[in-house]
Amino acid sequence: MTPRSVQRTLRAGAGAAVLLALSACSSPGGSSTPGSSASADGSGNVSGPVTVFAAASLKESFTALGKDFEKAHPGTKVTFSFGGSDTLAAGITGGAPADVFAAASPRTMAVVSDAGGVSGTPSTFVRNQLEIATLPGNPDRITSLKDLTGAGLKVVLCDRTVPCGAATQKALDAAGLELTPVSYEQDVKSALTKVELKEADASVVYRTDVEAAGDKVEGVEFPESADAVNDYPIALLKDAPNPAAAEEFVAYVRSAEGRKVLTGAGFLAP
Amino acid sequence: MSTPYRPDSGAEIRTGAGTRGGPGGRRARVGAGRGVPLPLLLPALAGLVFLLLPLTALLVRTPWRSLPEQLTSAEVWEALRLSLICASAATAVSLVLGVPLAWLLARAEFRGRGLVRALVTLPLVLPPVVGGVALLLALGRNGVVGQWLDSWFGITLPFTTAGVVVAEAFVAMPFLVISVEGTLRAADPRFEEAAMTLGASRFTAFRRVTLPLIMPGIAAGSVLAWARALGEFGATITFAGNFPGRTQTMPLAVYLALQNDPAAAVALSLVLLAVSVAVLAGLRDRWATVR
Amino acid sequence: MTDFGKECGSGPAHVAGLDARLVVDRGGFRLDVALRVAPGDVVALLGPNGAGKTTALRALAGLTPLSSGHLRLDGTVLDGTPPEGRPVGVVFQDYLLFPHLTALDNVAFGPRCHGASKADARAQAARWLDRMGLAEHSGVKPRRLSGGQAQRVALARALATRPRLLLLDEPLAALDARTRLDVRAQLRRHLADFEAVAVLVTHDPLDAMVLADRLVVIEHGLVVQEGAPSDIARRPRTDYIARLVGLNLYKGRAEGHVVRLEAGHVITTTEELTGPAFVAFPPSAVTLYRERPTGSSARNLWRCEVAGLETHGDRVRADLTGGLPLVADLTTVAAAELDLRPGAPVWAAVKATQTHTYPA
């Protein structure tokens, strides 16, 4: 075992605990036929619980999608585990019983597929683009990535080790800019929070995050973001306990209805 | 005149157990080793294994071969240095504010003391990240108090080393307060009265009598607070952010390394562990001889 | 204490010594004790546990506030003065020597607080320890001192601030019987040398009588009797004191040579008195008989029953009920000859000449 797999195992334990808690919570309103956890009658009618591991940035849109899916397929019950893509990937390779994995980057999906955990080929279902988040009303008149390098401006960025930070670095490189932030945040949500709380003047985050923050921040598009578009892959997992319903869920995410919800949240179509 | 002076109550405070190694105490400890009842021994050993197993695993899976290369990076030492400085500074802040607070809770009679005590321990139950957000709301650039700090003195704490100290002190101080308050409660308040009848003001009595008496408790509380501050992650990264050399302490470096280089994270954790064990063991020996 | 003595308050013109009325109300308990003590005198507050002795001492030291009353020392009003502002030294029951300081530094603590330099305070402390015969123990921490040594260090510490009022709370209670004898004699010498007021609290009548010039007996927060030790020993006025000094005590009405007790008994005495009176006689004055004596000259004879027996050395103390509740002392041999045992009926005789009668 390499150190990496030690860590995966630890994370798998945590993931399993989360799942246990989730399934315990959902059991009263869950599938009405005890004992039969999953079934497919061959005519596209599926039932049973579907467990989806999804990147934290998908929380709002996937929660809505899950409700729609349950309505469209009575007898199904979708439970989500949202978190950092790395953490989720480690949980899946560690044996967490998940049906579907939706990651925020191909790299994290590769962690699972390289370990042989994916059934079929992962496919990109949305893309996410970076945007500058500024204080409401954009008091510092930020219009470009270059404006962020201005003196006296407090900028927070995602740490380069997390996807949004890597993407930001790519965009900065494309623009040929050096930017020293006051902080490298551990994930995109905390970067955004710093702007929401007005502790930082600006940050570079995903469009979806700007969208979700409502009027607490203002988004500024910049051309270099095109060089750092993030692909979100989704995949059915090999050890899925309920593959039929899971496949149906993946299809639903990729359907026109699904896409509408996702683009409404600020994602780009692939 | 042959009977040793053994007052029935109070003259010796009964805290800081173990630091006072009288000959009687040592004999008792040796005797206890022989006759530990099984229902105590088994869970005790299980508890020890439970606590040490993860640490052992960390050691077993440490990439020893690449370790030297991991540890020569300047960022590691920068983070370690920052961690030690900030944890020590946070402990100092906790001492200056926490010991008087503990005294107030233990000795002063006022309404709502129970409530105040509960509030003091709040940071213990608060998830550290929430503590960090609360600190931002209070002391941030736009915070309830922070906006005045900014406009009057030009002081902003978030994203600064001082901010790290604030975050760590916020999380660590309750440990010190609880420990010192417990010691104060066990200490006989009549020593302070005796000092006063000798002409000492209440503050002099505290400084020259009570403070030396509760030193074991203060030391224990300081160690707890220091250790807690050294490992602090959530409040620190939320309130002070993460910037190498300024606010990136070891736990932050470890966490971020974990994202894409777990081997480096293990190596960093090892450094943090080694340093803290060395410091704590060193301190304990010191007290054992001083006390 | 530089300003002590300058501020002569509302009290009467400079009166040396202690003049106090200590009233402390504390949830159901009320202490109300008046004390007047001249410089050089030692007064013992004697009383059972819970009588309020220690409260009185704490009030004198300023550790417990007065509810009302007054406190003047050498003419200075001290009612509102905090403990550190009073020229008072206290020897606490368990001494409360600071465990982290050496004997020398314990004694030097007071002078230091009164402004002496460190070296000067230590020099003073060394002189005090020398006077107490503890010079070679000055570098020792309290827990290495014997009980008697600790007691003397505590006394030295209290005296080192040169108090005008020395308070001692059960100064010998923490000592075993053997040490107690030595320490009591030493303490008596030091108290005799002390030129200001000394007040000590004790529940031990022997300590009180040996150490004090005057006793103030407190029961339930009130003074029940005060006077010279010999006087109190001879003429107790409460059951508590009578038990302490080992006398049988009865209250009644004297009519010449007879005292009629409230319960209807009559005691014949030799002293002539009229009006409310106490009669006291020692347990050794009681003679016991198994059968009603015929040839006894004793004028007082009661039929009693043995309630309990206790051995004190070669003597037996019998607790009697029935006719007149009383305590009788007899030799072990006599007790055996009489075949005394609980429940046994006996006749108790007391000669009139062995009783002592005094006005109530």
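This is a predicted model: local features need pLDDT of at least 70, side-chain atom pairs count only at pLDDT 80 or more; totals for chains, interfaces and linings use all residues.
## A strand with two neighbours in chain C

In strand β17 of chain C, the residue C:A349 is the bridge partner of C:T287. C:A349 also has C:L301 standing opposite.

Behind the two residue pairs lie two strand pairings. Strand β13 (residues 286-289) of chain C runs antiparallel to β17(C), with four bridges between them. Strand β14 (residues 300-312) of chain C is likewise paired with β17(C) in the antiparallel sense, here over six bridges.

Which residues of β17(C) make up the covered face, and which the uncovered one? C:V346, C:A348 and C:V350 are on the covered face of this strand, residues 345-350, while C:P345, C:W347 and C:A349 are on the uncovered face. In a regular strand, side chains alternate between the two faces of the sheet.

## Where chains A and B meet

Moving to the other chains, the contact between A and B draws 19 residues from chain A and 23 residues from chain B. On the chain B side, three helices each supply at least two residues: α13 (234-240), α14 (250-260) and α15 (262-290). Of the contributors to this side, α14(B) gives the most, with five residues.

What is the make-up of the chain B side by residue class? There are 13 nonpolar residues, joined by eight polar and two charged ones.

## Two domains in chain A

Chain A is assigned two domains.

The domains touch through seven residues of domain 1 of chain A and eight residues of domain 2 of chain A. On the domain 1 side, the touching residues are two nonpolar, four polar and one charged.

Helix α5 of chain A takes in residues 163-175.

The buried residues of α5(A) are A:P163, A:C164 and A:G165, then A:A167 and A:T168, and finally A:A171 and A:L172. Just past the end of α5(A) comes A:G176, which adopts a positive phi of about 65 degrees.

Conventions. Residues are numbered from 1 along each chain as its sequence is written. Chains are lettered from A and ligands numbered from 1 in the order in which they are written. Two residues are in contact if their C-beta atoms, placed from the backbone, lie within 7 Å. Ala, Val, Leu, Ile, Met, Phe, Trp, Tyr, Cys and Pro count as nonpolar, Asp, Glu, Lys and Arg as charged, and the others, Gly among them, as polar. Domain bounds come from an automatic or database domain assignment. The expected span of a helix is 1.5 Å times one less than its number of residues. A residue is buried if 20 or more other C-beta atoms lie within 10 Å of its own, exposed if 12 or fewer, and partly exposed in between; C-beta atoms are placed from the backbone. Two strands pair if DSSP finds at least two bridges between them.
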